[in-house]
2 protein chains.
Amino acid sequence: MSDHIELVHEAIDVGAAYESIRDPRCGGIALFVGTTREVHEGRPVAQLAYEAYEEMAKKELRKLAADIRERWPDVVHVCLIHRLGEVPLAEASVLVAVSTPHRGEAFAACRHGIDALKAQVPIWKKESYRDGAAARWVANRESAVPEADPPEVRS
Amino acid sequence: MSDHIELVHEAIDVGAAYESIRDPRCGGIALFVGTTREVHEGRPVAQLAYEAYEEMAKKELRKLAADIRERWPDVVHVCLIHRLGEVPLAEASVLVAVSTPHRGEAFAACRHGIDALKAQVPIWKKESYRDGAAARWVANRESAVPEADPPEVRS
């Protein structure tokens, strides 16, 4: 059983992430990949950029992996990867994957993983627009946290 | 919008499947990969082999893709791949992936896709065991269909 936790500054390799968690004990692997969408709340997005205090973000990702294992003890491997820096349209910013003996747990653990990652892991997102509007930092979190400037980033 | 339907006789390329359905209109891609597990109902599995009348299996996969689009009209791309022939331990036999604007639909459509594929697509599975027991054909379907010899296979 392993936790594969990573913050990357280039494209996320989805095939390699899959390879890192396949296992003869498992009958199923569920993966979710979040990609940069061209529209957000009606505005034309040019690209996104993500920033984090990496040490803290990794610590929260490790806590999330432990949380997943506690909720679904049959989970064999967990893979949590977030890209930082600029992420062009249609490219992946985040990947959550789990391998389990049976697929019901794989789907449930993967869904919880991405929801909790978005809600809990302190990563900031900057949207740049194609309509000339000023770029702005928005909460990566999907809960109702107020938008604000990101904390000073050390990376 | 495209349906990527394939029956393959070699390893499923998960990275390529992901690449085939990522799209700037989408914020999320859910993938499920079914892999050969070393134990099935308590018996030590050596490998699986899958056979199908390919024309009929592809027709059912196309119907399933249409069914997914009808249930989740926001789905952008659908990818359904099944491997035929021998599938060693820990290797992928089946992949279901969908790309959608929002992740809730991606998970729901992907989960329905693999459940319906297992229930509806006529693909036969042969289990070989490591304990010397005779290999046997088992229903790939997970519904309570009786086990029987596979139909004569044309491929």
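Predicted model: local features only at pLDDT ≥ 70, side-chain atom pairs only at ≥ 80, totals over all residues.
Residues are numbered from 1 along each chain as its sequence is written, and chains are lettered from A and ligands numbered from 1 in the order in which they are written.

Strand β2 (residues 28-35) of chain A pairs with β2(B) in the antiparallel sense, over seven bridges. Strands (E, at least two residues) and helices (H or I, at least four) are DSSP runs numbered from the N terminus, and two strands pair if DSSP finds at least two bridges between them. Within chain B, β2(B) also pairs with strand β7 (residues 92-100), again in the antiparallel sense, over eight bridges. There, B:Gly34 has B:Val94 of β7(B) as its bridge partner.

These pairings are part of an open sheet of eight strands, whose order is β1(A)-β5(A)-β7(A)-β2(A)-β2(B)-β7(B)-β5(B)-β1(B) and whose pairing is mixed. At its edges stand β1 (2-8) of chain A and β1 (2-8) of chain B, each of which pairs on one side only. From one strand to the next the twist averages 5°.

Helices lie on this sheet. In chain B, α1(B) lies across β1, β2, β5 (77-83) and β7 of chain B together with β2 of chain A, and runs at about 20° to β7(B). Helix α2 (residues 54-71) of chain B also packs on the sheet, where it touches β1, β5 and β7 of chain B, and its direction makes about 150° with that of β1(B). Such angles run from 0 to 180 degrees between N-to-C directions, and the axes are lines fitted to C-alpha atoms, for helices over the stretch in contact.

Helix α2(B) has a further neighbour in α3(B): their axes come within 10 Å and cross at roughly 145°. In this contact, B:Glu60, B:Leu64, B:Asp67, B:Ile68 and B:Arg71 of α2(B) meet B:Ala109, B:His112, B:Gly113, B:Ala116, B:Leu117 and B:Gln120 of α3(B). Two residues are in contact if their C-beta atoms, placed from the backbone, lie within 7 Å. The residues of this contact divide into five nonpolar, three polar and three charged. Here Ala, Val, Leu, Ile, Met, Phe, Trp, Tyr, Cys and Pro count as nonpolar, Asp, Glu, Lys and Arg as charged, and the others, Gly among them, as polar. In chain A, the axes of α2 (residues 54-71) and α3 (residues 103-120) likewise come within 10 Å and cross at roughly 145°.

The interface itself brings 27 residues of chain B into contact with 27 residues of chain A. On the side of chain B, α1 (14-21), β2 (28-35) and α3 (103-120) each supply at least two residues, and the largest share, eight residues, comes from β2(B). That side comprises 14 nonpolar, five polar and eight charged residues. Because 100% of the interface residues of chain B are also interface residues in chain A, the copies meet through the same surface.

Finally, chain B can be laid on chain A with an RMSD of 0.0 Å by a turn of 180° and a shift of 0.0 Å along the axis. The two copies are therefore related as by a two-fold rotation axis. The superposition is by least squares on the C-alpha atoms of residues with pLDDT of at least 70 in both copies. Of the residues of chain B, B:Gly15 comes closest to the rotation axis, at 2.0 Å (C-alpha).
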